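The questions below go through selected side-chain contacts and helix faces in one model. Each answer ends on the value or name asked for.

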Amino acid sequence: MKILEIKVLRGPNYWSVRRTKLIQMKLDLEEMEQRPTNSIDGFRERLEKMFPTMIEHRCSVGERGGFFQRVEEGTWMGHVIEHIALELQTLAGMDVGFGRTRSANEKEGVYYVCFTYMEEDAGIYAAKASVRIAQALTDNVPYDLTEDIQQLREIREDTRLGPSTGCIVDEAAKRNIPYIRLNKQSLVQLGYGVHQKRIRATIASTTSNIAVDIACDKEETKMLLEAAEIPVPRGTVIRTEVGLDEAIEKFGYPLVIKPIDGNHGKGNTTNIINREQAVKALEAAKQYGRSVIVERFITGFDFRVLVINHKFICAALRTPASVIGDGVHNIQWLIDETNKDPRRGYGHEKVLTQITVDHSTMKMLEEKGYTLETIPPKDELVLLKTTANLSTGGTSTDVTDEVHPANVFMCERISKIIGLDICGIDIMATDLRTPVSENGGAILEVNAAPGFRMHIEPSVGLPRNVAEPVVDMLFPKGSEGRIPIIAITGTNGKTTTTRLTAHIAKSAGKKVGYTTSDGVYIQNQLMMKGDCTGPVSSTFVLKDPTVDFAVLECARGGILKNGLAFQNCDVAVVTNVAADHIGLGGINTVEQMAKVKAVVPETVFPHGYAILNAEDDLVYNIREGLKCNIALFSMDENNPRIKEHCAKGGLATVYENGFISIMKGTWKIRVMAAKDIPLTYEAKAVHNIANCLPAVLATYLYRDISIEDIRQGLQTFMPGESLTPGRLNFFHFKHITFLADFAHNPHGLKLLGDFVSKLDYPKKIGVISGTGDRRDEDIMELGEISAQYFDEIIIRCDKNLRGRTADEIIALLQQGINKINPNIPTMVIANENEALEYIYAHQQHGALYTIMCDVVAGALDKIKELKAREEGN
């Protein structure tokens, strides 16, 4: 078996719009295609022994044990690998369950194996490991799963959002607030465009930088709190052993020594009772900075109070990792037994973290005169860590409901004194039921970016949804942090429709970001060049903090390669579905292509609209699976589908009596005469009239975009290389005219030909090419269409031949031309620039040269060079 490719689908995709995070593995079973599972002796038994938990996989049988039943009856190895990949992740603490395996419809034995993942890198690892495991089971050779499972756990911990950031993101997602992870750590954008907010761990974009600086400087924090009559431990800042001796003399034992700007308990030493311990603690603290705090050690219990938006939220009692002696077993045995608690896991995978023995642990035991072999007396509490962090095995108990009102007031006041809107306050006291100012307790630290895990998953007590007040603060009630998104897909007309839609929105005062096949634009400023119709480009727009309206062209390639960048949009347009790119990416029919395009309207919110071409059967049929409002467009107001739709009160745009009109039920709103819209070239470019229809309807759906805004947008959208590069771009020379267009498939070339046929030129010459990764019949059809519309033809080749030779492409084009008119004058100049140079040197007076552009920018640059040369002469 051989893995041919692995793709990561991060958004709505061809396989599933709802299950947006999928690994798509293209797998060649090779000889295993002839060996279903029931033909492999002992396969089911070995599989069940290795993965007994797969009994829960119901599979298509629909009942517990269903997958094993399928294996017993006989299923193909791709299906088995799908289930292994899912179970591997589940065993590593990532509970996933959706998978699908389908033939790639290529050579025999090639399949797409798709399955969900939680962490991208873990999903890729599971894909590769599942093939290795399936091979081992087939060959009946030993295989140890423990290494794979541990590796997956480590990948998960390295790449996942921490529990604090994760719970905020989850809370935002529950409220339909979108998010984008901005790096591989904990920086996350909540919301889109101008409405976005950011979080890094539990620091928000609303958090004061000055407040964070103060909280990170323990001495400055202590000074501010002490000046405000907040109880804090007596202490001082030192740098040397001389200063240490002075502090010991002044405060006595026990002491605490910690770095002045440390965090997470790093470099802290508590309960110091002699000078030897103090010197060691000083050196440990100086690992994190020159200045060190020495404080009187306050006895009591370690509490953490969480204040968000200057309001008390909750409190927890924290206990360091520890074991309790039983008078029989040694400390190592007690640790191992404690770690058997099913609530303890690796890293953050469970409520509690397993206790590990490290240098700090050994040091604490040594100071107590213990080793791991020591048997502590019955009921003795043996502390194993200096701090109560959950990540080192500590535990937490929720005490929110026990906190005295005076302590609530004090903590809310502290958050305002420091200026932190998300604030963790560490208190050492006998309890929080009485005021800290009365029970001898003290405020030890104020933390920026406090951990939430102790509150959302306490070891004992009531879990607290601490993410809720954070999201409430960032997005007040009624705000979802979204911007309008219009997503546009189809075979032809996408780019022009996208550009026109964006232009109308901009005319209405919107700050528009849009993606096209030639680049990404923010407020008409080109930000990225090239084909930008995939999820990376869409994400670029949604991340931009200046954008309040997004128009996103979504092409087949991006959907198949990575899925969409967004989970939902407000309006989706499907222009048409034609036979282009057939045979690529496992899409072998126009019906399958329609399913690819349908991914976009399937993401429309229930209150939003899918705008569909009523003249295209495949597009019109997409409506049957949608859960949103439907609007239609057609070049014929008498189209039966339009009439039926509008009779039921539906919305549509039509071309009628020379006008682009909106149909609201039986009412008609005439927007503008097509001949007055520059894009239509006095209504001769029929395909551009068709492109206007969904653009008008998509913008009309927004209440703050008026009919006047739409008219202004239509009137001021001037076709040309600036606004519509590669779409009907005319270049008028002294004796000839060039018309450059991106028509690259039969459907697009026919529309171009229809337009050219209406133009008044004595001779029309086509400069055509074929795309190498298309089917033979598609390339031949380009030749046939060219022979129908042009008086002469020049055949050239694209810069990227995409898997074919130039001779193959030229021969297929010539074959198509000869089928229609073998006598049409035809010549071959394979290089585009050489073809343009030839035309310039051998100009036929008054002729129109229509050029099918592959690389639009390159062709336009060459034509402009020739124009400049002519003007220079």
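Q: At what N to O distance do the side chains of Arg869 and Glu837 meet in a salt bridge?
A: This is a predicted model, where local features need pLDDT of at least 70, side-chain atom pairs count only at pLDDT 80 or more, and totals for chains, interfaces and linings use all residues. Residues are numbered from 1 along each chain as its sequence is written, and side-chain values use heavy atoms, with hydrogens and water left out. A salt bridge is a side-chain nitrogen of Lys or Arg within 4 Å of a carboxyl oxygen of Asp or Glu. Arg869 and Glu837 form such a bridge, with an N to O distance of 2.8 Å.

Q: Which helices hold Arg869 and Glu837?
A: The two residues are 32 residues apart in sequence, so their pair ties together separate parts. Helices here are DSSP runs of H or I with at least four residues, strands are runs of E with at least two, and both are numbered from the N terminus. Glu837 lies in α28 (residues 832–841) and Arg869 in α29 (residues 856–872).

Q: Is Asp778 buried or exposed?
A: Asp778 forms a salt bridge with Arg775, at 3.0 Å from N to O. Buried means under 20% relative accessible area, exposed over 50%, and partly exposed in between, with a 1.4 Å probe and protein chains only. Arg775, at 27%, is partly exposed. With a relative accessible area of 5%, Asp778 is buried.

Q: What is the relative accessibility of Glu457, the salt-bridge partner of Arg453?
A: The side chains of Arg453 and Glu457 meet at 4.0 Å, N to O. Arg453 is buried, with a relative accessible area of 5%. Glu457 counts as partly exposed, because its relative accessibility is 27%.

Q: How many salt bridges does the structure hold?
A: Side chains of opposite charge can pair when their charged atoms come close. Lys218, Lys222, Lys258, Glu295 and Glu445 are linked in a network of such bridges. The number of salt bridges in the structure is 57.

Q: Which residue's side chain is joined to that of Arg464 by a polar contact of 2.9 Å?
A: Arg464 lies in the loop between α15 (453–456) and α16 (467–474), and counts as buried at 17% relative accessibility. Leaving aside neighbours within four places in sequence, its contacts (heavy atoms within 4.5 Å) include Cys314, Thr400 and His455. A polar contact is a pair of N or O atoms within 3.5 Å; within protein, one must be able to donate a hydrogen and the other to accept it, and residues adjacent in sequence count only if both atoms are side-chain atoms. The partner of Arg464 at 2.9 Å is Asp398.

Q: Which residue's backbone oxygen lies 3.1 Å from a polar atom of the side chain of Asn568?
A: Asn568 is found in the loop between α19 (556–562) and β27 (569–574). Leaving aside neighbours within four places in sequence, Asn568 is in contact with residues including Asn176, Arg482 and Phe605. The backbone oxygen at 3.1 Å belongs to Thr603.

Q: Within what arc do the buried residues of α12 fall?
A: Helix α12 (residues 359–367) has Thr361, Met364 and Leu365 as its buried residues. Seen down the helix axis, they line one face, because the arc, taken over the directions from the axis to the C-beta atoms, is limited to 95 degrees. His359 and Glu366 are exposed on the other side of α12. The buried residues fall within 95 degrees.

Q: Which elements are included in what covers the buried residues of α12?
A: At the start of α12, a side-chain oxygen of Asp358 reaches to within 3.2 Å of the backbone nitrogen of Ser360. After α12 comes Gly369, whose phi is positive, near 80 degrees. The cover over the buried residues includes α11 (331–339) and β18 (381–383).

Q: What is the angle between the planes of Phe549 and Tyr702?
A: Rings of Phe, Tyr and Trp (its six-membered ring) pair if their centres lie within 6.5 Å; planes under 30 degrees apart count as stacked, over 60 as edge-to-face and the rest as tilted. The structure holds 11 aromatic pairs. Phe549 and Tyr702 form an edge-to-face pair, 5.2 Å centre to centre, with an angle between the planes of 65 degrees.
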